[in-house]
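Here are my notes on this model.

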Amino acid sequence: MLSTWFPNVQWDVLLEATKETLYMSAISVVITFFLGLALGLALFLTSPGNLWGNKFLNSVIAIIVNVFRSIPFIILIILLIPFTRLIVGTMLGAEAALPALIVGAAPFYARMVEIALREINKGVIEAAKSMGATNAQIIFKVLIPESTPALVSGITVTAIALVSYTAMAGVVGAGGLGNLAYMEGYQRDNADVTLISTALILVIVFVIQWIGDRITTALDKR
């Protein structure tokens, strides 16, 4: 039945492309979460009036985040070719897409982390200080726990963006469903390949959003 509706689809190739997309998305989401969390904390903590208030350092971090957040992803891939070749050894394949995916998404998530931290009631932080909490205790026992629902919501949005990034990376040889849709679908005029590749990307996005929503709801005690 499926071969009748999708005569040009090679199911083993489609399965492999799906695995590549999931691999690129999963690895980049995990690394982006920790790197973006660190950058977001740095942005928040070095802003005036906070624990490590330092206007110069905050400005430097903000500029770095804003620059990489503003570069269109397809251009970022090209700009990072020398760096990618240096650490991966090639520009082709799923592994080669990871540096650009992480560099492109981490600053985006860092801003979401900063926003989440700014929404925390200042009174909670002041109460922790008055009880003698150290900076590390305030970060790990106050700031992160209080902002967890927003952090999860933010990484969900970032994960969905990363799935779309993998599709763009596929156009320049990174593999995955984006590569399949472009090379085997669009270039060879196989509309059924493009259609089913797009459908699978949508399924991945819907599943990520569903999981993220469930976790956020479970964590939000308001």
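1. The axes of α2 (residues 11-45) and α3 (residues 55-70) cross at roughly 140 degrees and come within 9 Å. Axes are lines fitted to C-alpha atoms, for helices over the stretch in contact, with angles from 0 to 180 degrees between N-to-C directions. Helices here are DSSP runs (H or I, at least four residues), numbered from the N terminus.

2. This is a predicted model: local features need pLDDT of at least 70, side-chain atom pairs count only at pLDDT 80 or more, and totals for chains, interfaces and linings use all residues. Residues are numbered from 1 along each chain as its sequence is written, and side-chain values use heavy atoms, without hydrogens and water.

3. Which residues of α2 and α3 meet? From α2 come Leu39, Ala42 and Leu43; from α3, Asn58, Ile61, Ala62 and Val65. Contact means heavy atoms within 4.5 Å. The contact has 6 nonpolar residues, 1 polar and no charged.

4. UniProt, in an unreviewed entry, lists "transmembrane region" at several spans, including residues 22-44 and 193-212. Such annotations may be inferred rather than shown by experiment. In the model, residues 22-44 are 100% helix, with end C-alpha atoms 32 Å apart. Residues 193-212 are also 100% helix, and their end C-alpha atoms lie 29 Å apart.

5. Alanine 26 sits in α2. Alanine 26 counts as partly exposed because its relative accessibility is 43% (buried is under 20%, exposed over 50%, partly exposed in between; 1.4 Å probe, protein chains only). Alanine 181 is 155 residues from alanine 26 in sequence and 20 Å away, C-alpha to C-alpha.

Notes. Helix = DSSP H or I, 4+ residues; strand = E, 2+ residues; numbered from the N terminus. Nonpolar A, V, L, I, M, F, W, Y, C, P; charged D, E, K, R; others polar.
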